[in-house]
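User: Hi! Could you take a close look at one strand for me and walk me through what surrounds it?

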Amino acid sequence: MKSLVVYYSRTNITKKLAETIAGKTDADIEELIPKVNYNGKIGYARGGKDAISSKVIDLEDLKYDPADYDMVYLGCPVWASRPATPLYSYLKINEGKFKNVKFFITAGSSGFEGTEKHMQEASIKPQKVLNLTTKEVKKDLFEDKLASFLE
Ligand SMILES: Cc1cc2nc3c(=O)[nH]c(=O)nc-3n(C[C@H](O)[C@H](O)[C@H](O)COP(=O)(O)O)c2cc1C
């Protein structure tokens, strides 16, 4: 099965998970680079505002077409109980192209449900969803959850 891992990560938490998933599934990997600056305090505030308003922003050129893959793993951090704007934008830009998807989501503590709901509305129903806190990812406390997510 041909798999693609697509993710956005502002502070490398989701990135760590994305790279682990890609390694275990032998998938191609696409990191989303927003053309909007979400760094620093101003970027944090902009991120929250853009996520709440379901804003679609421009992304740097993509390497892969999700339509070429049997399974696409879609990952992002929670921003204000919504998917981070770069990943949400990717879903809207590629609407109708996904055959099978699984979501992996990271958050400080909460907002997983709202994030999953908005990701599903912008793509398709996921086969599985992996929700992990920042702490679980940092401390490598995700082996069992990841194994069942990848089954
Ligand atoms: C703009 C913004 C909004 C956030 N909103 C939430 C939130 O609603 N709930 C939560 O638990 N964490 C929230 N966080 C924290 C991130 O989801 C969390 O730190 C995540 O693991 C970061 O992943 P990353 O390093 O891949 O960007 C927010 C972070 C940012 C930048």
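Analyst: Happy to! Let's begin with a pairing: L74 has F103 in strand β5 as its bridge partner. This is a predicted model, in which local features need pLDDT of at least 70 and side-chain atom pairs count only at pLDDT 80 or more, while totals for chains, interfaces and linings use all residues. Residues are numbered from 1 along each chain as its sequence is written. Helices (H or I, at least four residues) and strands (E, at least two) are DSSP runs, numbered from the N terminus.

Strand β5 covers residues 101–107. On one side, six bridges link β5 to strand β3 (residues 71–79), and the two run parallel. Another five bridges join β5 to strand β6 (residues 129–133), again in parallel. Two strands count as paired if DSSP finds at least two bridges between them. Within the β6 pairing, A107 stands opposite T133.

How does the chain get from β5 to β6? Helix α4 (residues 112–122) belongs with these two strands in a right-handed β-α-β unit. Right-handed means that, with the strands pointing away from the viewer, the path from the first strand over the helix to the second runs clockwise.

Is β5 mostly covered or mostly open? Six of its seven residues are buried, so mostly covered. A residue is buried if 20 or more other C-beta atoms lie within 10 Å of its own, exposed if 12 or fewer, and partly exposed in between, with C-beta atoms placed from the backbone.

Finally, there is a ligand: β5 is among the elements that each supply at least two residues of the shell around it, as are α1 (13–25), α2 and β3.
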